[in-house]
Amino acid sequence: MTLKTMGDGMHQHQHHFDHMSILAEGSVWVEGDGVKTQHTAPAVLNIRAGERHRIWPITAPVKWYCIHATDCEDPAEVDNAIVSEREE
């Protein structure tokens with residue numbers, strides 16, 4: 001995912017399983033279960049299963065990759081397979 005402007009960000013959400021996130025470019029705030037931390041690329045973060053989290057850029061652009069293990073091969077359904085709860 002590329003966050004192109006300072007106003008971009010990811011809504012708070014959580015997953016059924018642990019996953020890794022890779023911050024490949026830029027700097028972000030990550031809020032996980034109410035704790036806010038700052039990260040600058042390059043960085044790899046472990047997001048725990050059930051941890052309500054969101055990210056938003058400190059700099060732009062930001063390149064952020066999430067690595068999820070899933071058997072789902074349908075691009076239209078993959079978010080439903082890996083996201084357990086999302087706030088809009």
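## Salt bridges and cysteines in a predicted model

Modeller: Cys72 has a relative accessibility of 26%, so this residue counts as partly exposed. The structure under discussion is a predicted model.

Colleague: How does Cys66 count, buried or exposed or partly exposed?

Modeller: The limits are under 20% for buried and over 50% for exposed. The relative accessibility of Cys66 is 33%. Cys66 is therefore classed as partly exposed.

Colleague: How many disulfides does the count come to?

Modeller: A disulfide requires a pair of cysteine sulfur atoms within 2.5 Å. By this rule, the number of disulfides is zero.

Colleague: How many salt bridges does the structure hold?

Modeller: Side chains of opposite charge can pair when their charged atoms come close. The criterion here is a Lys or Arg side-chain nitrogen within 4 Å of an Asp or Glu carboxyl oxygen. The number of salt bridges in the structure is four.

Colleague: Which strands hold Glu25 and Lys63, and how many residues apart in sequence are the parts tied together by the pair?

Modeller: Glu25 and Lys63 meet through their side chains in a salt bridge, with an N to O distance of 3.8 Å. Glu25 belongs to strand β3 (residues 19–25) and Lys63 to strand β8 (residues 62–67), so the bridge ties together parts whose separation in sequence is 38 residues.

Colleague: What is the relative accessible area of Lys63?

Modeller: Glu25, the partner of Lys63 in the salt bridge, is partly exposed at 30% relative accessibility. Lys63 is also classed as partly exposed. The relative accessible area of Lys63 is 31%.

Colleague: How many residues apart in sequence are the parts that Arg54 and Glu31 tie together?

Modeller: Arg54 and Glu31 form a salt bridge in which the closest N and O atoms are 3.0 Å apart. Arg54 lies in strand β7 (residues 53–57), while Glu31 lies in strand β4 (residues 27–32), so the parts tied together are apart in sequence by 23 residues.

Colleague: Is Glu31 buried or exposed?

Modeller: Arg54 has a relative accessible area of 31% and is partly exposed. For Glu31 the relative accessibility is 18%. Since the limit for burial is under 20%, Glu31 counts as buried.

Colleague: Which residues do salt bridges with shared partners join into one network?

Modeller: The side chains of Arg48 and Glu51 meet in a salt bridge at 3.7 Å, N to O. Arg48 is partly exposed at 46% relative accessibility, whereas Glu51 is buried at 9%. Through salt bridges that share partners, the network joins Asp33, Arg48 and Glu51.

How values were computed. Residues are numbered from 1 along each chain as its sequence is written. This is a predicted model: local features need pLDDT of at least 70, side-chain atom pairs count only at pLDDT 80 or more; totals for chains, interfaces and linings use all residues. Side-chain values use heavy atoms; hydrogens and water are left out. Helices (H or I, at least four residues) and strands (E, at least two) are DSSP runs, numbered from the N terminus. Buried means under 20% relative accessible area, exposed over 50%, partly exposed in between (1.4 Å probe, protein chains only).
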